[in-house]
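Please consider the structure shown below alongside its sequence.

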Amino acid sequence: MGSPPKRIIVAINPNASFGATRHVGPAVVAALRAGGHDAVPLSAPDFDGLVRIARAAVSDTARPADALVVVGGDGMVNLGVNLVAGTSVPLGIIPAGTGNDFAGAVGVPTGDIDAAITHLLAALDSGPRTVDAARVSGEALDEPRWFAGVLSAGFDARVNERANGLRFPKGASRYVLALVAELITLKSRRYTLVIDGETVEVDSCLLSVANNTTIGGGMRIAPDARLDDGLLDVFIVKPVSRLRFIRLFPKVFSGTHVGLPVVEFRRGRTVSVAASDIVGYADGERFGELPLTVELVPGALRVLA
């Protein structure tokens with residue numbers, strides 16, 4: 001027997017996968033309604049507008065939400081996490097973006113929208129699971145922000161920052177151009193890390209603070225990371241030549257970089273990251289210039305998975 005009907009806010013990113021998955025949001029809403037639920041679709045011309053109306057809907061005490069479902073990629077997951085982390089409202093995910101790392105990590109089918117919808121309906125009946133989330137603070141932030149996956153503070157963060165500054169070309173091509181440009185100017189930077197009160201100075205060209213295992217559509221940067229172990233995994237690549245850096249990437253995608261002399265992992269509950277000329281990105285979203293402090297909050301997020 002199914003659970004009682006629920007009021008479900010459905011936040012839809014119409015530009016997910018550069019607009020190729022516009023049909024997914026209406027399909028999700030239709031399936032929820034067919035299942036007897038009160039599905040409330042939300043969309044907006046821009047991301048900030050969607051954040052505003054979704055926040056208002058989730059915090060409406062007159063008509064409480066039983067769940068928030070996001071339709072899109074990791075950026076939409078980040079939107080949802082920032083609205084419901086630390087609350088009792090569970091987060092549902094229909095992965096329809098170019099990067100669906102968190103969805104895959106919690107067992108939501110990726111690459112098959114019908115299977116993801118079926119999974120969501122089943123999870124509404126069986127109830128959510130509880131995972132950790134990370135809370136970020138820093139001078140660059142007006143208020144603390146959350147992420148579920150990975151905070152990038154090295155090469156990949158600089159690629160994101162450069163790509164976001166390009167007006168042309170549109171779409172995924174600008175990330176390719178940004179990647180090439182950053183490779184040409186590749187250099188290590190000096191980082192000051194404070195991990196559970198211990199200060200560590202490291203030189204690195206690629207550095208991330210991970211709650212999840214993967215980033216960037218399946219790059220297994222932290223193969224031993226767990227979403228419910230109460231710890232952050234700090235991934236550090238030591239200074240390497242441009243050629244060796246390029247050769248390292250296939251190993252990072254497969255997760256076979258663990259144990260290489262140029263790769264180091266550290267773990268902690270609270271991690272502060274400081275370096276010059278770096279903007280931190282988490283779940284693919286721009287957070288702000290370093291220094292940033294990441295605090296892992298065990299069990300902060302309920303996920304319909």
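**A guided reading of the model**

In helix α1, which spans residues 24–34, the buried residues are V24, G25, V28, V29, A31 and L32. Viewed down the axis of α1, these buried residues fall within an arc of 165 degrees, so they line one face of the helix. The face turned away from the buried side of α1 carries the exposed residues P26 and A34. The model under discussion is a predicted one.

The cover over the buried residues of α1 includes the strands β1 (7–12), β2 (38–42), β3 (67–72) and β4 (91–95), together with helix α5 (113–126). Just after α1, G36 adopts a positive phi of about 90 degrees.

One of the strands that cover α1 is β1, and R7 lies in this strand. With a relative accessibility of 12%, R7 counts as buried, because the cut-off for burial is under 20%. The side chain of R7 reaches the backbone oxygen of R63 at 3.0 Å. Apart from neighbours within four places in sequence, R7 is in contact with D38, V40, A57, R63, P64, A65, D66 and A67.

Helix α6 comprises residues 155–164, and its buried residues are F155, A157, R158, V159, N160 and A163. What covers them includes the strands β7 (150–152), β8 (189–195), β10 (206–210) and β14, as well as the helices α7 (173–184) and α8.

H257 is found in the loop between α8 (242–254) and β12 (263–268). Is H257 buried or exposed? Its relative accessibility is 0%, so H257 counts as buried. The side chain of H257 reaches the backbone oxygen of I221 at 2.9 Å. When residues up to four places away in sequence are not counted, H257 touches R220, I221, P223, F235, L248, K251, V252, V263 and F265.

D132 is found in β5, which covers residues 129–137. The relative accessible area of D132 is 3%, and D132 is therefore buried. Which backbone atoms does the side chain of D132 reach? The side chain of D132 reaches the backbone nitrogen of D229 at 3.2 Å and the backbone nitrogen of G230 at 2.8 Å. Leaving aside neighbours within four places in sequence, the contacts of D132 include L227, D228, D229, G230 and L231, and also L296, V297, P298, G299 and A300. N211 is likewise among the contacts of D132. From C-alpha to C-alpha, D132 and G86 are 9.9 Å apart in space, while 46 residues separate them in sequence.

The backbone itself also deserves attention. Most residues other than glycine have a negative phi, and most peptide bonds are trans. Against that background, D277 has a positive phi, near 60 degrees, in a residue other than glycine. D277 lies in the loop between β13 (270–274) and β14 (279–282). With a relative accessibility of 56%, D277 counts as exposed, because the cut-off for exposure is over 50%.

D283 has a positive phi of about 50 degrees although it is not a glycine. Its place is in the loop between β14 and β15. D283 has a relative accessibility of 12% and so counts as buried.

A cis peptide bond joins L290 and P291, with omega of about 10 degrees. P291 is found in the loop between β15 (285–289) and β16 (292–303).

Rolling a probe the size of a water molecule over the atoms shows where empty space is left. The second largest pocket has a volume of about 480 Å³. Of the 18 residues that line this pocket, V51, R55, N82, E143 and R145 are the closest to its centre. Helix α2 (47–58), helix α3 (74–84) and strand β6 (145–147) each supply at least two residues of the lining. Which element gives the most to the lining of the second largest pocket? That element is α2, with five residues. By class, nine residues of the lining are nonpolar, two are polar and seven are charged.

Definitions and conventions:
Residues are numbered from 1 along each chain as its sequence is written. This is a predicted model: local features need pLDDT of at least 70, side-chain atom pairs count only at pLDDT 80 or more; totals for chains, interfaces and linings use all residues. Side-chain values use heavy atoms; hydrogens and water are left out. On a 1 Å grid over the protein atoms alone, a cavity is a set of points where a 1.4 Å probe fits but cannot get out, and a pocket is an open set with protein on both sides within 12 Å along at least five of seven lines; lining residues have an atom within 4 Å of a point. Grid points are joined across faces, edges and corners, and a volume is the space filled by probe spheres set on the points. Helices (H or I, at least four residues) and strands (E, at least two) are DSSP runs, numbered from the N terminus. Ala, Val, Leu, Ile, Met, Phe, Trp, Tyr, Cys and Pro count as nonpolar, Asp, Glu, Lys and Arg as charged, and the others, Gly among them, as polar. Buried means under 20% relative accessible area, exposed over 50%, partly exposed in between (1.4 Å probe, protein chains only). The arc is that of the directions from the helix axis to the C-beta atoms. Contact means heavy atoms within 4.5 Å. A polar contact is a pair of N or O atoms within 3.5 Å; within protein, one must be able to donate a hydrogen and the other to accept it, and residues adjacent in sequence count only if both atoms are side-chain atoms.
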